[in-house]
Amino acid sequence: MTRFNHPLYLEDIKQVMALPLDWNKLRGSTFLISGASGNIAGMFIDVLLNLNLDINVIALGRNTRRAEIRFAKYWNDEHFSFFAGDINYGVSLDKAANKAEFQDDKADYILHAASNTHPAAYSSDPIGTITTNIIGTWHLLEYGANCGCKRFIYASSVEIYGENRGDIDKFDEGYLGYIDCNTMRAGYPESKRAGEALCQAYIAQMGMDIVIPRLSRTYGPTLLDSDTKAISQFIHKGVKGEDIVLKSEGNQLYSYSYVADAVSALFYCLINGEKGQAYNIADEASDKRLKELAQTIADYSGTRVIFELPDSAEAAGYSTATTAVLDASKLASLGWKAHYTMEEGLKRTLTILRESD
């Protein structure tokens, strides 16, 4: 049994599908999704292809083999097409990896979820981090403008807020904190900011309909094995029954989202969101200090939390933000609310990963 066939994961998909949204708006639509095999986009695709609304998915990613494994159940489905490539070099839909022929119907909706999203990638590929968030975004916006897409969703990040300057408890959508742009680590948040600005430029100049969800730190059974975010490393350790390694005092206070809640929020932004607006995705009950998060996983796994200093390569990729808590009241005004507590989300994640091949 794979994690994507696990009963709890299938239950998560059904929970999203049961949301009180006007799903019929999406009937017969074609979606183009970048970063398709990633943590969030993969589940977004699972929901789309289980809605039974004759939806077509054009999935973009760099690794055909990983996509073939991730989307095995859809690989021969007429509604699913995968294209391998790097969006830094444009959107090429000449040859689908899983089809002899492909009819380019043009995209009605675009979800841009391709990005380096974890510390090791920031430090090992800082150029690719920036270019995907700016040049890759530009290519997808150009494609969307040329095909007349109905709505473009740009998956942004809590990191655009930078450091909390101590003048606010929670980041609302109008807040911008401090980022030292003259550092390698600034490449991710600064390029995400630039990507948002590029979206606003396409709204103003090209008349595009774009909505910008800002994701908090997202976890779940869809996380990649290569993900080096702290919560992902804790989960990997918990699955293996190993001690949780905390590479700081653990006082950092962050907002987190279980992947099913993050995906449901994306659908609220897609269907109910207002053109040009940004929406924070977070749940107040999942605002946790890093040491609390580590201890929760350790308690469930029957292990300990131990403290260890990071090496220079690890430290270079870490966020310097000590408090990054999101105010999601604007998203709540669209009707969204989280379904899972953090304890429930972590337990589901660990259970699914432990019981999967």
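A cavity here is a set of points, on a 1 Å grid over the protein atoms alone, where a 1.4 Å probe fits but cannot get out, whereas a pocket is an open set with protein on both sides within 12 Å along at least five of seven lines, and lining residues have an atom within 4 Å of a point. Grid points are joined across faces, edges and corners, and a volume is the space filled by probe spheres set on the points. The residues that line the largest cavity are Tyr219, Tyr256, Ser257, Tyr258, Asp261, Asp283, Ser286, Trp336, Ala338 and Tyr340. Strand E10 (residues 253–258) gives the largest share of this lining, with three residues. Divided by class, the lining of the largest cavity has six nonpolar, two polar and two charged residues, where Ala, Val, Leu, Ile, Met, Phe, Trp, Tyr, Cys and Pro count as nonpolar, Asp, Glu, Lys and Arg as charged, and the others, Gly among them, as polar.

Residues are numbered from 1 along each chain as its sequence is written, and side-chain values use heavy atoms, with hydrogens and water left out. Since the model is predicted, local features need pLDDT of at least 70 and side-chain atom pairs count only at pLDDT 80 or more, while totals for chains, interfaces and linings use all residues. Helices (H or I, at least four residues) and strands (E, at least two) are DSSP runs, numbered from the N terminus.

The second largest pocket holds about 390 Å³ of space. Its lining is made of 16 residues, and those nearest the centre of the pocket are Thr2, Arg3, Phe4, Ile69 and Arg70. In this lining, five residues are nonpolar, five are polar and six are charged.

Side chains of opposite charge can pair when their charged atoms come close. The side chain of Arg70 meets that of Asp46 in such a bridge, at 2.7 Å from N to O. Arg70 belongs to helix H3 (residues 64–70) and Asp46 to helix H2 (residues 41–48), so this pair ties together parts that are 24 residues apart in sequence. Both Arg70 and Asp46 are buried, a word that means under 20% relative accessible area, while exposed means over 50% and partly exposed lies in between (1.4 Å probe, protein chains only).

A second salt bridge joins Asp287 and Lys170, whose closest N and O atoms are 3.7 Å apart. This pair links distant parts of the chain, 117 residues apart, with Asp287 in strand E12 (residues 287–289) and Lys170 in the loop between strand E6 (156–157) and helix H6 (187–206). Asp287 counts as buried because its relative accessibility is 15%, whereas Lys170, with a relative accessible area of 26%, is partly exposed. In a further salt bridge, Lys237 and Glu242 have their closest N and O atoms 3.2 Å apart; Lys237 is partly exposed at 29%, and Glu242 is partly exposed at 34%. Elsewhere, salt bridges that share partners join Glu11, Asp12 and Arg348 into one network. The count of salt bridges comes to 16.

Helix H2 also contains Phe44, which counts as buried because its relative accessibility is 2%. Phe44 and Ile33 are 11 residues apart in sequence, and their C-alpha atoms are 9.2 Å apart in space. In the loop between H2 and strand E2 (56–61) lies Asn52, and Asp54 has its place in the loop between H2 and E2 as well. Asn52 has a phi near 55 degrees, a positive value in a residue other than glycine, and the phi of Asp54 is likewise positive, near 55 degrees. Asn52 counts as exposed because its relative accessibility is 68%, while Asp54, with a relative accessible area of 49%, is partly exposed.

How values were computed:
Salt bridge = Lys/Arg side-chain N within 4 Å of Asp/Glu carboxyl O.
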